[in-house]
Amino acid sequence: MGKLLQLSCILLYLVSTVAAILVVSKVIEVRSMCTEEKKKISSLVSEIKDLKDENTRLMVEYYSKVRPELVDKNSSNLKDFKEDEVEYIR
Amino acid sequence: MRLFILFKELLSKLYGFLKPFKEDRLNYFFFMSLLLVIIFTWRIFDLSYFSKEKWLKLASSQFTGIFKLSSERGELLDRNGSLLAASLKVISFYLRPTEIKDWELFKEIIKGKPSVIEQYAQKSGIGEKRISKILETLKPLSVISDEELRKAYEKKYTVVVTKSGKKVKVPFVWLKKDVPEDPKEVKRAVRTALRIYYTLSGENRFRKKHPDLIGFLTEYVRVYPYQVGSTVVGITNKFGEGLYNLEYLLEKENVITGDVLKLSGEKDVQGKVYLGKEATVFLRKKKGNNVELTIDGNLQYIFEKTVEKYGNKWHPNFINAVLMDPNSGEILAATSWPYYKYGQKRTKENLKYLIPRFITSPYEPGSVMKPLVLAAALNEGLITKDTVFHCPPTMKVGNKVFKNEFHGRDVKLRAWEIIEYSDNVGIIQVAQLLGKRKLYQYYRNFGFGKRTGVELPGESPGILRNWKKWRDVDFATLSFGHNISVTTLQLAAAYSTLVNGGIYYKPRILKAVIDEKGKVVKEFQPVKLRRVISDRTSKVMRRILTMVVEGGTGVGTKLVNFYIGGKTGTAVKYDPKIGGYNRSKITATFAGAFPITNPRYVLVVTVDEPKVPKNMLWASKIAVPLFKELAQRVLLYERTPPDKREYRVKPGGEITYTEINRDFILTNGLEQKKK
């Protein structure tokens, strides 16, 4: 009876050690997955930010090119109609 | 001495009484330990109870800190979504001249000289195919000119003054600032350039104190791509802080700047803040909201260009022009010449021209106030538009004699003709019927003597004294716009009320606040502040104002396809030098609406002190042509359907028209028949 108890104790020690190792490795795995995902999100966020900056840059470039002063200058050979020179059709 | 002996005896007795051990050494050790325990206990009590707050505060100031981060500024857009102001990420290159040993080689690399790249390719065993790729990579550096490189190299270092006043030479010189290049490409170019340099020069980068011989920093600068509307939009300083107009106001109200992030972190004794790992990974600053304005960028340009043309012609003190939608209070264009042109040098003189004088510079408006007086009398039911007034050549009020507009002729005028011919004697009689108190109330209700509340800083309320302080002569002059100071915007708001059915709308320049994702955070709706005159009176006033253009003082603004209604105002200015009114100094105003049968626009132009010959010193010669040109351009730009003619295409393709709204003009004038 005493031996059986001793054996079961040893077995219990072993099982708990294995269980502890398993839990710890799972935790490590989950944490590393989290870190990976965090990295992905972070790079995505930074990519979005870069794209936004690029969008602003292009918008600024576009509106600088179509700004009224430039359009007016480039079309200076065209006639500015007066109100009485236009025949209005509704 | 005796006391000391007594004290010693007392101590010895106490020791004999208290000593727990026979051995003296043990007793000394015991008492010493007891004393130390008492001291430490007291200190613990002191730290954790009596002076707890003091020490906690000190500890927190040493070990925790707040890290403030300002967000990127939002954009300013016009009513069509055109970009008026935006924050652009830019690159600023720097150089460390003292670290560069082979300057010629360095310069050739930066300029992307093919022979140097070939040399590098040979030394590194890179195939010829990659040479063109390297040259392409170095391209972002080509924005740096030879001159900029030379200047930076010759400067060698930057002198920095420390807090203690000590001058320190830092091996860092700005090479080129605010370059709108892609940071990723620039980063690649800089890395490649440095690699080539270290390979060819044989220098060891790890032995250098500053191996980044050339580098860059990114920052945001405020740009104004559409380059219009400085008197509304304003500018920021080089640190990105709003200085004038909307840039200033929207920052002050925290609309455009977004939230200032406050992150707690740990701080060491030197004051350096360390943020947690999470913060550095996920920290992203929230951009400020974008703001859509009621301004139309293209109309604003038309206004600026036109007022500049007339400004250069007449050299006045200033010209103001404000275009408003009378049915909502939205300001579609507003400018004040001379105005600051984006890109101009920011001298003290130039920055002065950012001031929106259409809200900051009140002036005596003159006869443009007459229609408001008549509207008040009509609204009160004291007269009708056809009431006949006897207008003698002169009229004495108090000690002042006022003349009529008919050069000594004794005339009879219908009420509406007083406005058409802008007769002072007639309008004084209308005002007298109304009384001081009523006139004051109406002027207040039309928005004079108080700020309109437009979303621009520095607005003036103008001057309108309380009616109780008016002398009879003041009252008379008030009826034709003297003894009162108004701003151009106040006039625009008042004329909007006059023609839109009688409702005073708060003038607005903000249309909506939109967040970074394009979601409308707040939309600004028209603000109906009060009813001033009835719809019926407003309709009558529209017809009366039309007569000023169709046959009165504003005939210069008459258009072929549209009915325009408005009123001129020539106010002789008070000159403190001569202590009276100076006839060679005037403020010319024209306030009007179009198409007047169903007003869509109210336009007010003010020209202050034009430097023109004496015979030109009339609003009809100064303000009227400017008004006409602006009105024409607005109508054509907005493709407004005419209200005077209706065009049709006949089956053969011929275009014909018929006159419409002919009954809109008044024909029963007493002086009109004589004309």
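## Domains of chain B

Domain bounds in this report come from an automatic or database domain assignment. For chain B, the assignment gives domain 1 (2-50), domain 2 (76-290) and domain 3 (356-649). The C-alpha centres of domain 2 of chain B and domain 3 of chain B lie 54 Å apart.

## Basis of the model

This is a predicted model, in which local features need pLDDT of at least 70 and side-chain atom pairs count only at pLDDT 80 or more, while totals for chains, interfaces and linings use all residues. Residues are numbered from 1 along each chain as its sequence is written, and chains are lettered from A and ligands numbered from 1 in the order in which they are written.

## Overall form of chain B

Chain B has 23 helices and 25 strands; these are DSSP runs numbered from the N terminus (helices: H or I, at least four residues; strands: E, at least two). The radius of gyration of chain B, taken over C-alpha atoms, is 39 Å, well over the 26 Å that the globule rule gives for 675 residues, so chain B is more spread out than a compact globule. The globule rule is 2.2 Å times the number of residues to the power 0.38. Along the principal axes, the C-alpha atoms of chain B fill a box of roughly 135 × 95 × 55 Å.

## Contact between domains 2 and 3

Eleven residues of domain 2 of chain B are in contact with eleven residues of domain 3 of chain B; two residues are in contact if their C-beta atoms, placed from the backbone, lie within 7 Å. On the domain 2 side, α9 (230-233) and α10 (245-252) of chain B each supply at least two residues. The largest share, four residues, comes from α10(B).

By class, this side of domain 2 of chain B has five nonpolar, four polar and two charged residues. Ala, Val, Leu, Ile, Met, Phe, Trp, Tyr, Cys and Pro count as nonpolar, Asp, Glu, Lys and Arg as charged, and the others, Gly among them, as polar.

## Contact between chains A and B

The contact takes 30 residues from chain B and 24 residues from chain A. On the chain B side, the elements that give two or more residues are β3 (83-95), α11 (277-282), α12 (297-314), α22 (619-637) and β24 (645-649). Strand β3(B) provides the largest share, four residues. The side of chain B that touches chain A divides into 21 nonpolar, six polar and three charged residues.
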